[in-house]
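Open the model in your viewer and keep the selection panel at hand. The stops below say what to pick next and what is there.

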Amino acid sequence: MTAFYSNYILEQQTVKSISVGFIVLVGVVLVKKVFQRKKYKLPPGPLPLPIVGNLLQIFRVKKRFHEHLLDISKQYGPVIWMKIGGWNTVFLNDINVIREALMKDYDFAGRPKFPSAMRITKGKDILFGDVSDVWKFHRKLAHSSIRSYASGKKLDDLVNRVVQNCCDLMLQEKKPFEMHTFCGLFVFNWLFGIIFGKEKDVKDPDFVNLKDLTQEALDAFASGSTADIFPVLDYLSFGENKLDKTINKLCRVLEREMNEHLETFDENNLRDIMDYMICAQKQVNLEERKELLSDEHVKMICFDMFGAGVDTVLSSLHWYFGLIIQHQNVQEKLHKEIDEKLGSLSPSIESRSKLVYTEASIMEQLRYGTLALLGVPLSTIRDTTVGGYDIPKDTMVLINIGGLHENNELWGDAENYRPERFIADDGTLIEKPRHFMPFGIGKRNCLGEVLAKNTLGTAIPAFLQRLNFLPPEDGQPFVAKNLGSSLANLCEKYKCRVEERH
Ligand code: HEM
């Protein structure tokens, strides 16, 4: 009885202490909030709930999120504040505030430290790395390596070879096939060539292994983790998860490639992006190398290019072919332009300027099928301002690119795929509109922009010079559909046929 009584008292005291603790915690959070509100003139936004913030409201939204943001910006204005799990978040919804923020030195150029990204890269890469002198050096180096590679004959030859291989394989298909598989074959072979200087047979075990591992890592990463929304939970996770295992396997492949490259390196014959990096490594002294450009850094930069290059170019090609199968009138115009301007000459980076309609059709795909609807999350590296509001340091910043690209006030008929919107009355390409930014703008804009544009601008005419792209059955209506995801604008998988043109 006494034991029961003392247990009872103990339990009562524990409950009391927990309740007091909870009340104090809530009090501290509220007081902090009031002070934060007082100290800063924060932007307006829907009222957050304790702990989850605005997460439940976001899940309840019926429309795609970038469209919802445009709707509520009529009430709150173009700068909207929300709390997403553990993150203070600001959404920028019109071109003026977007440009104001992204052109403001490095204020908005940080990246949130998502636990899953940190596990992969340990902050040593470009995509997830925070602004620092080392990061600036890596970005500059990667930029000049990509530019040197992406503007030469090496890229022309690689793209044309890989396209012809893909065309041969498509022509061997007896039945309608999944276009996604062939876009994947193109992209992996192309990136393999650019980064590691290798073109592999699609059945080569090394090729299949790296392709599967990259896809696994991208899928695992895209599905995200609860700790990315509530970073505090990362302290509670132990051991190696599925993403860690995949990344470790990928790192071993990268290590093997790096060792092979180091053994066969010749500074007079830089074969690929990895060689460009090793060349830069040899130009810094051994002491600096550890801090500035270690082997780990080189591997992570190459890893970034795979990560950032695969899904983006794959998705663009997949959308593109879906759209021209749906719009056979556009495909006819493309064939006509390519036949008239190129004849049997292989497309090249140089020939892009002659193929105005083809270029316009690619720009229109990048608008219509905007991949990163809310960009890649940014964060503020210091207290700053935008649109007349204060934005504290370490706020996550999301740019509503989808909202810009689908806004009828800006495009008139944004829901239509219409390449002509990018062509001026005199038949030349129009100057790039300010509100068209598929590659982002500012200090964090896409590092692969030139490479992606040169690749799409060469590969697409090369495919079309040789093939007709057709729906799975004649006379069947064919629509390239959006998967309906809130963050990534992917085209639903579809089947198609091809026939040789000449
Ligand atoms: C159609 C193809 C592509 C599209 C639409 C695209 C789009 C984007 C966008 C929207 C961003 C974020 C910009 C920002 O945060 O403000 C980005 C960043 C980036 N992209 Fe691309 N990208 C494409 C292809 C590529 C390719 C082929 C590569 C490399 C081989 C690449 C490498 C990167 C890297 C490294 C970053 C991070 C830059 C940084 O954080 O400083 N991208 N891209």
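**Two helices at an angle**

Select α15 and α16: they are oblique to each other, a word used for angles that are not under 35 degrees (roughly parallel), over 145 (roughly antiparallel) or 65 to 115 (roughly perpendicular). Helix α15 covers residues 328–342 and helix α16 residues 356–368; they pack at an angle of about 140°, with axes 8 Å apart. Axes are lines fitted to C-alpha atoms, for helices over the stretch in contact, and angles run from 0 to 180 degrees between N-to-C directions.

Now show the side chains at the contact. From α15, pick Val330, Lys333, Leu334, Glu337 and Ile338; from α16, pick Tyr357, Thr358 and Ser361. Contact means C-beta atoms, placed from the backbone, within 7 Å. By class, this contact has four nonpolar, two polar and two charged residues. Nonpolar covers Ala, Val, Leu, Ile, Met, Phe, Trp, Tyr, Cys and Pro; charged covers Asp, Glu, Lys and Arg; the others, Gly among them, are polar.

**Ground rules**

This is a predicted model: local features need pLDDT of at least 70, side-chain atom pairs count only at pLDDT 80 or more, and totals for chains, interfaces and linings use all residues. Residues are numbered from 1 along each chain as its sequence is written.

**The whole chain**

Zoom out. The chain has 19 helices and nine strands. Helices (H or I, at least four residues) and strands (E, at least two) are DSSP runs, numbered from the N terminus. Of the 502 residues, 38% are buried. Buried means 20 or more other C-beta atoms within 10 Å of a residue's own, exposed means 12 or fewer, and partly exposed lies in between; C-beta atoms are placed from the backbone. Among contacts with a separation of 6 or more, 74% join residues 24 or more positions apart.

**The ligand**

Select the ligand and its shell. There are 25 residues around the ligand, and the closest are Ala308, Gly309, Gly440, Cys446 and Gly448. α14 gives the most, with seven residues. By class, the shell has 15 nonpolar, seven polar and three charged residues.

**The cores**

Next, select Phe186, Val187, Leu191, Ile195, Ile273 and Cys302. These have the most contacts inside the largest nonpolar core, which has 82 residues. Such a core is a set of buried Ala, Val, Leu, Ile, Met, Phe, Trp, Tyr and Cys residues joined through C-beta atoms within 7 Å. α14 supplies the largest share of this core, 17 residues. Centre on Leu191: not counting residues up to four places away in sequence, it touches Phe306, Gly309 and Val310. Another core, of 30 residues, lies apart from the largest one; Leu373, Met396, Ile399 and Ile401 are among its members.

Go to Glu260 in helix α11 (residues 242–264). It is partly exposed, because 14 C-beta neighbours lie inside 10 Å. Draw a line from Glu260 to Phe196: 9.8 Å, C-alpha to C-alpha, across 64 residues in sequence.

Most residues other than glycine have a negative phi. Ile51 has a positive phi, near 65°. Find Ile51 in the loop between α1 (2–39) and α2 (55–60). It is exposed, with 12 other C-beta atoms within 10 Å.

Last stop: Asp105, in the loop between α4 (95–102) and α5 (115–121). Its phi is also positive, near 40°. Asp105 counts as exposed, with 11 C-beta neighbours inside 10 Å.

Technical notes. A residue is near a molecule or strand if its C-beta atom, placed from the backbone, lies within 6 Å of it. Two residues are in contact if their C-beta atoms, placed from the backbone, lie within 7 Å.
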